[in-house]
Amino acid sequence: MMKYFCCWLLLISFFCAALPAEASVCRNYQGREICIVDIKRSAKNYWEYRVILSVDGVKQPLEIYNCRDRTTVKQDGTVLAFGQNNPGEIVCHFFKK
């Protein structure tokens, strides 16, 4: 009897365990839905973020957003200043202190 009770209790506890949720932070910006899929802050340069975004449901490649200089570093090494409608504004604004 005790054996069945322990098995039943183990089975219930297995199904009650919560699994980690994966959620994106999304914002509507200039008529587009921009979601932060993955973000990592630089340990060396706290103003830099390595970010993978989704713009209108399309996943973008990893980019580095420099919130101090307001620049984006593309995967090929190209450095671009934040322009109009740049998702970097959301990244930098969202993580402001």
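Which residue takes a positive phi in the hairpin of β1 and β2? In this predicted model, the residue is Gln-30, with a phi near 55°, in a hairpin that has two residues between the strands. The protein chain holds two helices and seven strands, and their order along the sequence is α-β-β-β-β-β-β-β-α.

**Overall build**

- The protein chain has 97 residues, of which 28% count as buried.
- The accessible surface of the chain comes to about 7,600 Å², and carbon and sulfur atoms account for 59% of that area.
- Of the contacts between residues at least 6 apart in sequence, 20% join residues at least 24 apart.

- Strand β1, residues 25-29, pairs with β2 in the antiparallel sense, and five bridges connect the two.
- Within this pairing, Arg-27 stands opposite Ile-34 of β2.
- Ile-34 also belongs to the largest nonpolar core.

**The nonpolar core**

- The largest nonpolar core consists of 12 residues: Ile-34, Ile-36, Tyr-49, Val-51, Leu-53, Val-55, Tyr-65, Cys-67, Phe-82, Ile-90, Val-91 and Cys-92.
- At least two residues of this core are supplied by each of β2 (32-41), β3 (48-55) and α2.
- Strand β3 gives the largest share of the core, with four residues.
- Tyr-65, a member of the core, has contacts beyond its neighbours within four places in sequence, among them Tyr-49, Val-51, Leu-53, Phe-82 and Val-91.
- Other contacts of Tyr-65, under the same exclusion of sequence neighbours, include Trp-47, Glu-48, Thr-71, Thr-72, Asn-86, Pro-87 and Gly-88.

**Glu-63, a buried acidic residue**

- Glu-63 lies in strand β5 and is classed as buried because its relative accessible area is 10%, under the 20% limit.
- The side chain of Glu-63 makes a polar contact with the side chain of Tyr-65, at 2.7 Å.
- Leaving out residues up to four places away in sequence, Glu-63 touches Tyr-49, Arg-50, Val-51, Thr-72, Val-73 and Lys-74.

**Salt bridges**

- Glu-89 and Arg-70 meet through their side chains in a salt bridge, with an N to O distance of 2.7 Å.
- Glu-89 lies in helix α2 (residues 88-94) and Arg-70 in the loop between β5 (63-66) and β6 (71-73), so this pair ties together parts that are 19 residues apart in sequence.
- Both partners are partly exposed: Glu-89 has a relative accessibility of 25%, and Arg-70 has a relative accessible area of 31%.
- Arg-68 and Asp-69 form another salt bridge, in which the closest N and O atoms are 3.7 Å apart.
- In that pair, Arg-68 is exposed, with a relative accessible area of 53%, whereas Asp-69 is partly exposed at 44%.
- A further salt bridge joins the side chains of Asp-38 and Lys-40, at 3.3 Å from N to O.
- Asp-38 counts as partly exposed, with a relative accessibility of 30%.

Note on methods: Residues are numbered from 1 along each chain as its sequence is written. This is a predicted model: local features need pLDDT of at least 70, side-chain atom pairs count only at pLDDT 80 or more; totals for chains, interfaces and linings use all residues. Side-chain values use heavy atoms; hydrogens and water are left out. A salt bridge is a side-chain nitrogen of Lys or Arg within 4 Å of a carboxyl oxygen of Asp or Glu. Buried means under 20% relative accessible area, exposed over 50%, partly exposed in between (1.4 Å probe, protein chains only). Contact means heavy atoms within 4.5 Å. Accessible areas come from the Shrake-Rupley method with a 1.4 Å probe; for residues, only the protein chains shown count as cover. A nonpolar core is a set of buried Ala, Val, Leu, Ile, Met, Phe, Trp, Tyr and Cys residues joined through side-chain atoms within 4.5 Å. Two strands pair if DSSP finds at least two bridges between them. A polar contact is a pair of N or O atoms within 3.5 Å; within protein, one must be able to donate a hydrogen and the other to accept it, and residues adjacent in sequence count only if both atoms are side-chain atoms.
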